[in-house]
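The paragraphs below lead through a model of two chains, taking the fold of one, then the contact between them, and last the confidence of the prediction.

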Amino acid sequence: MAPELSIKDQNREVELFVGRATTLFVLVVLMLGLLIYRMLELQLWNHDTYKIRSDDNRIRVQTLAPPRGLIFDRNGRLLADNQNASSLALVIDNMPEPSQSLERIGSLLELTNTQRSEMISRVESNRRPDAPLVVVDSLTEEQVARMAVNRHLLPGTEVVNRLVRHYPYAEIAAHAVGSVRRLSDEDLRRVDPVQYSATEFIGKRGVEAFYEDTLHGQVGYQKAESDALGRLRQTLDVQSPTAGKDLYLHLDIDLQRAGVAALAGRRGAVVALDPRNGGVLAMVSQPAYDPNFFVTGMSEAVFGSLSTSKYVPLFNRATNGQYAPGSTFKPIVGLAGIGLSATTWDTVIEDRGAFQLPGQEREYRDWSWTKENSGGQGMVDLRRAIYRSSNVYFYDLASRIPVQDLVDFAAQFGLGRDMSVDIPAAGSGLLPDPVWKQGAKGLPWFPGDSVNMGIGQGDLLATPLQMAVVAATLANRGRLVQPRMMRGIDAPESGDGESLLPSTQIALEQVSTQDWESMVAALEDVVHRGNQGFRGNGTAWAYIGQDIDYRMAGKSGTAQVVEISQGEEYDEETLSEFDRKHAWFIAFAPVENPTIALAVLVENGGGGSSVAAPVARAVIDAHMQKAESERVAQQEMLVQR
Amino acid sequence: MIQADFQRTLSPYDSAAAKPSRWYFRLHIDPILVGLLTVVIVYGLVVLRSAVDGNEALYTAQIQRYAVAYVVLIVAAQIPPHFYLRISPLVYVVGMLLLLLVLFFGVSVKGSQRWLEIPWLFRFQPSELMKLAVPMAVAWYLQKRSLPPSLKYTAACLVIMTLPALLIGRQPDLGTSILVFGAGFSVLLLAGLPWRLVLWAGLAISAAAPLIWQFVLEGYQRQRVLTLFDPQSDPLGAGWNIIQSTTAIGSGGLFGKGLFQGSQSYLDFLPEARTDFIVAVMGEELGFVGVAFLLLMYLLIIARGLWLASQAGSTFGRLLAGAFVLTFFVYVFVNVAMVSGILPVVGVPLPLVSYGGTSAITLMAGFGVIMSVRTHKAW
């Protein structure tokens, strides 16, 4: 027996234990009290803070992009609509290894190198790592399926369906309608960042750009519950976005198509206006581009060919191409001569194929001049000078009108300024005068400058859109209209188009109604005067006037691009592609109550009558056929009633 | 010997002898304790139902584990205390050997080597066994010595506790190491270790704290402590757990968001929602009332356990049972304090509530032993 045992006092040990146990129990109660205190602190006293924190955790406010307004032509056909596209979006915050995941996605979806670098650059310039960022547009069905199967391996990725802009007519209406582009940082500094917080695209050209505010709509919000991995669990509250307003244009896609077809791949532009209100019926610029590429993305090769092609397909020739108007300027000079009393309808001069200023050597030639034949149109009055396009007549006339008077008169046709209402950054051409010449070239105005201006050459420049305005002003017998794209907002006949800006009515007071009709008759001769023998026909008659069943007035123009030295002949063969003459034709129809006025330009195309006039005829034919069938349809409706 | 027997019969606390005929005494069951345990277990299963988030297999597995745990509870209660006394040294030695094995052949999980694996059969943590073995060994050692223990015996007890604590600390598993040491230390406290010594020891440890910080704690352990004071310093990393668990508890308010309505756990913001952080689920879904109820149940279990321990017929029984109760409390406190953000994050499950088998079975074995020392005749 161990000695310790003998001194072991059980009773005392029990008391000791009970004492200790009691003390420790009190300690236990105190410590549990501490826990209770902590719970009170969290759950009662600071409950609100944690409640908010918990809601912040789970509730995510997402902005919803408004559907962009649609764009219709005058027949109600869609020029720009929105289509559903599946795209790959990333929430960067929820990706454990973003760079690794990007690589995986690239090989999983078999993306091209371009798509991969595009994806990486979008991730790098991302503004909101907590919101879905679209990195691959327009997934194929197979790519969508692959993402679905592998989604669990790629946290933070999702396939989203969204509406993207679609242009059903692709190249045909590209320059008229314009296009949207991906919203850039630069754009964001310009627009309301709240309204655009969910928007991916912004109008960059044409109507899309000008009516951006109308088309965009109002941003919406969605409160949604998402889990710790950012996956959406349920939607709590939705404030739907307000769709952008639809636009109804004056544009007629049939005319647009006719213009593209008639240009037949040649570089050039067609602008057709409704002379009554300035509405743009057609605006063709060739070559064009497929605006859908700017939405769905394009390969570097395609972008490269678009942006570096010497034929500049992205350039809108119709509104920004500036060319010497050539002989299409002659009606203005003629009217100026009448209006400013520099000539009369009966004044006759002899055109022997060349003109010389008094005391000067230099010969200004008629277009019919060759080395073998001095050319010339013989005895010409103003009417004949128009339909034969006599250069000498207008050299002489222009040299006799004070330059500033001629310029002021021409300005009344909208030359030298941008008359358009809703066409962004349209060119204003150049209507030179002595002040301009002194400033730009440091040279005084020489009499020769007036001579050149007489046939629309020299420094004079105009865009096809401006020449269409000239055609419309001639059609209106002096009433200038301002070209406009938009006809109505949200409804074709809403009247928004008219309320934009009234069609300005600048009456050319110096010219009497009688004079206008005489000029129109001369322009009619250009097209319709035929079977009159040598040098008796209108310049365009042989090309477009023989089988025409309505009355059209027109004027051809063949604008020189490079100066041909004295005594040399223009020879297309020896000139490079870009040095050949531009072919112009301006026209309107029907002569009595014009419903269309247009300008056609074929870049380096050659003769205005032979090359540009048939294009004008094709477009006006299309217009007249439509007008006729509409008239028939209306009559049938009346008969039925 | 005779004197001891005489005193035992006189003991006013020895009611076992006074009421030997009750049915539950013959079955070695304490109905109040079993009832309280069952309340906590059922309550825990209700909360777990929410925390498993529809995973039926996990839930069924946990119910099966509790079935096993109840069997362990009953069996442990049938075994007489002197059997535990006899096997105590053996269990301790075997436990130490297993800890050494872990050190050399253990399986690493998440960077620390805590598990022994017998391939295809099972794997377990010998450190869990030491949570029982250390208090048993200390109680066994003190059984024959007079109490309160002298300085010499106290030193011997400290050696018994420190050796396994060091081995476990090497794994590294500082949390379990401290808990194992604490289990042994609670025996010492109940045995009458002078408060003044406890006080001095406490002061000494406080004084050594900077050294411990510098030389004992690993980098990640230091990080956990730092995170406790400033969880926002790394909200997506080390601070995530604390931020999300306090958010869950705090957002619950007085009555909670309702069972199965906790957004923090359902939306996976709360980590380890069904294991170590389950009290956050409870706090979020059932609110302050739900947590307070659980803590009250724990308090009642502790009170009943200490009462039963005080009724034991031997020093070994009293010390062992009392130590188990205190260890149980330490788990509760450390877990709840950790989840509510007043202690650093250490891997301690919430007793009888967290998902998992080892802890439930070990605890129920402990309560079996408590009932055993209470219901078996004195010896």
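Two residues are counted as in contact if their C-beta atoms, placed from the backbone, lie within 7 Å. By that criterion, residues 24 or more positions apart account for 74% of the contacts in chain A with a separation of 6 or more. The model is a predicted one, and in it chain A holds 25 helices and 20 strands, while buried residues make up 44% of its 641 residues.

Turning to where the chains meet, the contact draws 48 residues from chain B and 42 residues from chain A. On the side of chain B that touches chain A, at least two residues each are supplied by helix H1 (2-10), helix H9 (174-190), helix H12 (240-252), helix H13 (263-266), helix H14 (278-310) and helix H15 (315-339) of chain B. The largest share of that side, twelve residues, is contributed by H14(B). In composition, the residues of chain B that touch chain A comprise 25 nonpolar, 18 polar and five charged.

How confident is the predictor in chain B, and which of its elements have the lowest and the highest mean pLDDT? The mean pLDDT of chain B is 85, with 89% of its residues reaching 70 or more. Among the elements of this chain, H14(B) has the highest mean pLDDT, 95, whereas H1(B) has the lowest, 45. Over residues 1-18 of chain B, pLDDT stays under 50, and for this stretch the model has 26 contacts beyond four places in sequence. For the model as a whole, the scores are ipTM 0.89 and pTM 0.68.

Key
Residues numbered from 1 in each chain as written. Chains lettered and ligands numbered in written order. Predicted model: local features only at pLDDT ≥ 70, side-chain atom pairs only at ≥ 80, totals over all residues. Helix = DSSP H or I, 4+ residues; strand = E, 2+ residues; numbered from the N terminus. Nonpolar A, V, L, I, M, F, W, Y, C, P; charged D, E, K, R; others polar. pLDDT = per-residue confidence, 0-100. Buried ≥ 20, exposed ≤ 12 C-beta atoms within 10 Å, placed from the backbone.
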